[in-house]
Amino acid sequence: MNDIDSLLQGESVNIEYKVALPQNSEKYIKTVIAFSNTNGGTIIFGIDDQKREVVGIDDENIFKIMDAITNTIEDTCVPKIFPNISIRNIKDKSVIVVEIPQGHLRPYFIKSKGIQNGTYLRVAGTTRLAESYTIKDLILEGEHKCYDSQLSRHTPLTTEKINDFCIYLKTIAIKYSITTSEKNSVKDLNANKLESWGVIVNQNGEYYPTIAYDLISGKSKDQPSIQCAVFKGTTRGFFIDKKEFSGPLESQVDNTMKFLMQKLNCTMKLVGMHRIDVYELPLDSLREIIANAVVHRSYLEPGNIQVAVFDDRVEITSPGSLLLGINIPKIKEGFSKLRNRTIGNVF
């Protein structure tokens with residue numbers, strides 16, 4: 001597929017068509033903002049989005065229109081967005097191609113509307129106004145900060161609570177150790193280690209909990225959960241059983257795995273003199289996926305992780321869009337980026 005063919009594939013998450021330059025510039029500026037706040041994209045002026053037909057732009061006015069687009073983007077968007085604007089010849093007609101790069105100073109918004117009412121995102125093939133929690137997420141990301149490392153409350157932690165938390169984490173580490181040498185190698189934790197991870201913050205000689213501390217310990221007032229359901233057949237039309245697990249994050253992962261082990265088909269095989277259970281899906285992979293959902297989900301976005309068991313598959317869904325610089329091809333190549341660095345450190 002050549003460059004022209006890719007432009008004619010239809011509107012998508014990163015392609016938008018405009019038959020002409022709208023009199024109301026906001027109709028395309030919203031999309032410019034949305035592309036900058038997500039993974040970039042291209043707006044093509046001169047293609048009918050309904051018929052996917054190339055109608056072209058009048059050659060006599062094409063440079064005037066390009067100047068108008070450039071000036072409008074510069075005057076309307078905050079922070080500044082620097083598009084690449086060019087003329088392409090498609091089917092013997094001239095179109096204007098406006099390439100919007102992925103922004104690195106997010107959130108971008110329409111100056112006249114302000115950050116709350118002028119921030120847009122690209123979702124599938126549509127441009128949508130960003131929710132307040134998404135804007136907060138964009139602000140933190142633009143400042144290279146993580147939500148889970150932010151201070152959760154202004155009540156200091158006692159030495160006893162910190163020690164109990166350290167013992168709790170060590171107990172979990174030993175629980176998941178396989179060999180005796182692994183168990184013996186688990187080290188004691190202290191306040192300094194928790195601080196280096198971002199679990200607690202030292203202010204004026206006293207330690208305060210971060211959001212990660214509350215989430216990991218299950219003490220958050222808005223503690224999310226993992227919702228599990230078993231469905232009959234291959235759709236969500238009829239469910240057979242459902243459970244919801246709250247509390248500390250580790251216990252959520254553990255209880256979800258126990259739920260799956262009860263619901264998945266299991267056979268057995270003999271290895272020497274030992275009987276080994278063999279599940280229809282590998283448990284290690286499922287645990288890894290569930291743990292990743294807990295570590296990488298957006299804790300600003302309302303909603304819970306969902307685990308759906310069908311006759312032919314298990315689907316695990318977590319709230320939150322992809323982070324800046326991440327896309328599906330990169331994920332398939334093994335690229336990873338932590339949304340919640342503190343929770344990731346602890347896990």
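Rings of Phe, Tyr and Trp (its six-membered ring) pair if their centres lie within 6.5 Å; planes under 30 degrees apart count as stacked, over 60 as edge-to-face and the rest as tilted. By that rule, ring pairs join Phe-165, Tyr-168 and Tyr-213 into a cluster. This is a predicted model, where local features need pLDDT of at least 70, side-chain atom pairs count only at pLDDT 80 or more, and totals for chains, interfaces and linings use all residues. Residues are numbered from 1 along each chain as its sequence is written, and side-chain values use heavy atoms, with hydrogens and water left out.

The structure holds five aromatic pairs. One of them is Phe-165 with Tyr-168, a tilted pair at 6.2 Å centre to centre and 45° between the planes. Both residues lie in helix 6 (residues 159–175), three residues apart, about one turn of the helix. Helices (H or I, at least four residues) and strands (E, at least two) are DSSP runs, numbered from the N terminus. Phe-165 is buried, at 4% relative accessibility. Tyr-168 is partly exposed, at 26%. Buried means under 20% relative accessible area, exposed over 50%, partly exposed in between (1.4 Å probe, protein chains only).

Phe-231 and Phe-310 form a stacked pair, 5.3 Å centre to centre with 15° between the planes. This pair links distant parts of the chain, 79 residues apart. Phe-231 is in strand 13 (residues 226–231); Phe-310 is in the loop between strand 17 (305–309) and strand 18 (314–317). Both Phe-231 and Phe-310 are buried.

Phe-310 also meets a charge: the charged end of Arg-313 sits over its ring, 3.9 Å from the centre. Such a charge is NZ of Lys or CZ of Arg within 6 Å of the ring centre and within 35 degrees of the ring normal. Arg-297 likewise lies over the face of Tyr-299, at 4.8 Å from the ring centre.
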